[in-house]
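Good morning, and thank you for coming. Please look at the structure on the screen while I take you through some of its parts.

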Amino acid sequence: MTSLLWFSAAVTGALVLAFYGRSAPLVVRRVGYIAVLSAVLLTAWITPSFVLQKGLGRLAMPVGLIWMSGFVGVWWTAHTGRRRVSLGLLALWLAYSVAGNNLVGKSLLWSLETEFVSVSASSPGELDAIFVLAGGTGRRADGTVQLGRAGDRLVTAARLYRQGKTTQLVYASPDGARDQTAEAVEIWSLLGVPEEAVHRLRGPHNTRTEVHAFKALAREKGWSRVGLVTSAWHLRRAMALAARAEWDAVPYPADVRGRSWRPSFLGIIPSGTGFSRVHVAIWEYLGAMVGR
């Protein structure tokens with residue numbers, strides 16, 4: 001936390017000097033620059049070496065280089081008196097900083113996940129079936145099946161099956177050359193779930209159509225007590241669509257991405273992971289708004 005505060009102070013101080021330093025007395029400018037440099041050096045001094053190395057590495061990545069270039073552009077245009085240009089660049093730089101900020105991304109994801117993760121989802125007794133939303137599989141270049149980024153959905157479902165929560169798993173995926181249901185069956189077999197315990201659904205192409213397909217299958221099979229597994233950040237929208245379809249399911253969160261974080265100066269530097277987390281969270285909020 002201390003390194004985050006000092007690094008933030010250095011960045012803020014540099015911007016203040018760029019915008020207002022020209023009108024300040026020389027001695028004030030010199031003291032200001034010394035203070036900014038001292039804050040940077042103090043950040044490096046109090047930051048653990050492995051964290052500092054990660055920070056420097058992050059700055060050397062394309063996202064970090066663009067971020068630093070944007071900051072230099074803001075500073076130089078402000079320093080040379082082009083205030084209107086510098087303010088426009090500052091707005092763009094701040095937007096870029098927020099969009100790629102890992103702390104912002106984690107906070108947004110946690111706002112979606114917390115109602116499901118903070119209270120462990122459970123159900124008394126056995127469920128007739130557990131439905132799993134698609135998105136957790138992939139294939140390597142040699143055709144071997146592998147877990148995708150949301151692969152914890154499949155692991156969570158397999159764990160529930162092995163715990164005796166249900167004897168039936170259901171997986172749905174879109175039509176197309178790639179059969180994600182077959183990939184899920186193959187992975188589940190490696191995790192101890194027999195193929196005969198899996199019901200395959202092909203056709204649904206988004207969460208809304210998956211929910212309607214799940215409801216239709218549950219009605220056809222006479223299943224009244226069912227569970228729904230998906231990523232924790234996706235559960236709010238999935239459960240809202242289930243409620244809109246008048247389909248009751250017990251939520252089971254997987255693929256938690258908004259876990260608690262330890263503040264450090266790394267949190268200010270944008271990263272690919274930060275952009276990804278912010279993108280996923282905003283996508284969920286927009287999806288909820290349009291009911292998809």
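Before I name any helix, a definition is needed: a helix here is a DSSP run of H or I with at least four residues, and helices are numbered from the N terminus. With that in place, Phe275 can be assigned to helix α11, which covers residues 272–290. Please keep in mind that this is a predicted model.

I shall begin with the chain as a whole. How many helices and strands does the protein chain have? There are eleven helices and seven strands. The radius of gyration is 25 Å, well over the 19 Å that the globule rule gives for 292 residues, so the chain is more spread out than a compact globule. Along the principal axes, the C-alpha atoms fill a box of roughly 80 × 40 × 40 Å.

What share of the 292 residues counts as buried? The figure is 46%. The protein chain exposes about 15,200 Å², and carbon and sulfur atoms supply 62% of that area. As for contacts with a separation of 6 or more, residues 24 or more positions apart account for 75% of them.

Let us return to Phe275 in helix α11. Its relative accessible area is 25%, and Phe275 is therefore partly exposed; that class lies between the cut-offs of 20% and 50%. Setting aside neighbours within four places in sequence, Phe275 is in contact with Val63, Tyr96, Ala99, Gly100 and Pro270. Ala177, by contrast, is 98 residues from Phe275 in sequence and 30 Å from it in space, C-alpha to C-alpha.

Next, consider Trp75, which lies in helix α4, residues 62–79. Is Trp75 buried or partly exposed? Its relative accessibility is 21%, so Trp75 counts as partly exposed. Not counting residues up to four places away in sequence, Trp75 touches Ala14, Ala18 and Tyr33. Between Trp75 and Leu127 there are 52 residues of sequence separation and 60 Å of space, C-alpha to C-alpha.

Val31 is in helix α2, residues 26–46, and is exposed, with a relative accessible area of 51%. How far apart are the C-alpha atoms of Val31 and Lys221? They are separated by 76 Å, and the two residues are 190 residues apart along the chain. Leu103 is in helix α6, residues 102–117, and is buried at a relative accessible area of 17%.

I now come to helix α8, residues 180–190, where Thr181 is found. Which residues of α8 are buried? They are Gln180, Thr181, Glu183, Ala184, Val185, Ile187 and Trp188. As a reminder, an α-helix has 3.6 residues a turn, so residues three or four places apart point the same way. Several elements cover the buried residues of α8, including the strands β1 (129–132), β2 (137–139), β3 (145–147), β4 (169–173) and β5 (198–202), together with helix α7 (152–162).

The side chain of Thr181 makes a polar contact with the side chain of Asp179, at 2.3 Å. Beyond its neighbours within four places in sequence, Thr181 is in contact with Tyr171, Ala172, Ser173, Arg200, Leu201 and Arg202. Just after α8, Gly192 takes a positive phi of about 90°.

The phi of Glu246 is about 60°, and Glu246 sits in the loop between α10 (232–244) and β7 (250–254). The phi of Asp255 is near 55°, and Asp255 sits in the loop between β7 and α11. Which of the classes, buried or exposed, applies to Glu246? At 69% relative accessibility, Glu246 counts as exposed. Asp255, at 9% relative accessibility, counts as buried.

Thank you for your attention.

Conventions:
Residues numbered from 1 in each chain as written. Predicted model: local features only at pLDDT ≥ 70, side-chain atom pairs only at ≥ 80, totals over all residues. Heavy atoms only, no water. Helix = DSSP H or I, 4+ residues; strand = E, 2+ residues; numbered from the N terminus. Rg over C-alpha atoms; globule rule 2.2 N^0.38 Å. Buried < 20%, exposed > 50% of the residue type's maximum accessible area, 1.4 Å probe, protein only. Contact = heavy atoms within 4.5 Å. Areas by Shrake-Rupley, 256 points an atom, 1.4 Å probe, with all protein chains shown as cover. Polar contact = N/O pair within 3.5 Å; in protein donor to acceptor, adjacent residues only side chain to side chain.
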